[in-house]
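Please look over the sequence and the structure before reading on.

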Amino acid sequence: MHVVNTQWNRTLTFKKHFFDEAQERYYVFIDPLFNTYTRLADAQVVRPVLSLARANGIAADRVYVMDASRQTTRISANVSGFLNTMRITLNDNLLKRCSLPEIEHVMAHETGHCVLNHIYKFLLLYIIAAVIGFAVFRRASAGLLGRFGTHWGVTSVGDVAVLPLFVILFSIGSFLMTPFHNTASRVQEMEADIFALNAAREPDGAAEVDLKLSNYRKMEPGPFEEWIFFDHPSGATRIRAAMRWKAENLVTAK
Ligand SMILES: [Zn+2]
């Protein structure tokens, strides 16, 4: 695959979707420090990827590839940018390991996150959770200090010795919020999957990618396990969704 070296300005780039695959959040600000971004010139890949983007209102005119294989074998991609500086980046594992229908599905999934404004919805959710969280935090710390403060030798929340208590309360809070955070993420991931099935119309490509993701994600967890620990739908859930889409669209699907 022929790629052309290109320098790109990353300072104003705002990540559209950093709540997806955890590593993706580092793409725009951190990854460029360690990885090389090159412009993808393979028309067989570039043409359908840009066409998909344009069809869904993403103003991008080039596709970049990032040498993620230096650190990982994981396949991923992202659609990032701000206003009219949208950028599509595939990681090189995606190009090496996936067929065109699979690449199209992955790109459509990332486009879905962008078009459905997932990052803004997640930010709003975080702001609401933070306000509620701090209110609970304040009551809990005041209650505990009122009851055990003298015994602990901590006089008030202004005392620096209160920090360990804050760390414990914060850890408990984060732990209890895990299933809710994961569920919010999982719901968005399924929305992006459905968007991708409708946009790319490649249910078999979707299923193949889900199988490849099983390299590092358990395919078929129990429902309780999926609810608590999975920030993406399990492979089995995603493949069932793809096959359901295929069954319902069999006549018109490619
Ligand atoms: Zn996603």
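Two residues are said to be in contact, or to meet, if their C-beta atoms, placed from the backbone, lie within 7 Å. The model discussed here is predicted.

**The chain as a whole**

The chain contains nine helices and five strands. Along the sequence these elements follow the order β-α-β-α-β-β-β-α-α-α-α-α-α-α. The chain has 254 residues, and buried residues make up 30% of them. Of the contacts between residues at least 6 apart in sequence, 74% join residues at least 24 apart.

**Helix 4 and two of its partners**

Helix 4 (residues 100–115) can be compared with helix 2 (residues 43–55) and with helix 7 (residues 203–213). The table gives the axis values for each pair.

| Helix pair | Axes come within | Crossing angle |
|---|---|---|
| Helix 2 and helix 4 | 10 Å | roughly 30° |
| Helix 4 and helix 7 | 8 Å | roughly 85° |

Angles under 35 degrees count as roughly parallel, and those from 65 to 115 as roughly perpendicular. Helix 2 and helix 4 are therefore roughly parallel to each other, whereas helix 4 and helix 7 are therefore roughly perpendicular. The crossing of helix 2 and helix 4 is right-handed.

Which residues bring helix 2 and helix 4 together? On the helix 2 side they are Gln44, Val45, Pro48, Val49, Leu52 and Ala53, and they meet Leu100, Ile103, Glu104, Met107, Ala108 and Thr111 of helix 4. An α-helix has 3.6 residues a turn, so residues three or four places apart point the same way.

Where helix 4 meets helix 7, the residues from helix 4 are Pro101, Glu102, Glu104, His105 and Val106. Their counterparts in helix 7 are Asp204, Gly205, Ala206, Glu208 and Val209.

The buried residues of helix 7 are Pro203, Gly205, Ala206, Ala207, Val209 and Asp210. These buried residues pack against helix 4, helix 6 (163–200) and helix 9 (235–248).

**Helix 5**

Is helix 5 largely buried or in the open? Of its 35 residues, the number buried is one, so helix 5 lies largely in the open.

Helix 5 covers residues 118–152, and a straight helix with that number of residues would span 51 Å. Between its end C-alpha atoms, helix 5 spans only 44 Å. Helix 5 also has a kink of about 55°, centred on Gly146. After helix 5 comes Gly153, which has a positive phi, near 75°.

Notes
Residues numbered from 1 in each chain as written. Predicted model: local features only at pLDDT ≥ 70, side-chain atom pairs only at ≥ 80, totals over all residues. Helix = DSSP H or I, 4+ residues; strand = E, 2+ residues; numbered from the N terminus. Expected span 1.5 Å × (residues − 1). Bend = angle between axes of the 7 residues up to and from the residue. Buried ≥ 20, exposed ≤ 12 C-beta atoms within 10 Å, placed from the backbone. Axes fitted to C-alpha atoms, helices over the stretch in contact; angles between N-to-C directions. Parallel < 35°, antiparallel > 145°, perpendicular 65-115°, else oblique. Left-handed = near helix turned anticlockwise from the far one by under 90°.
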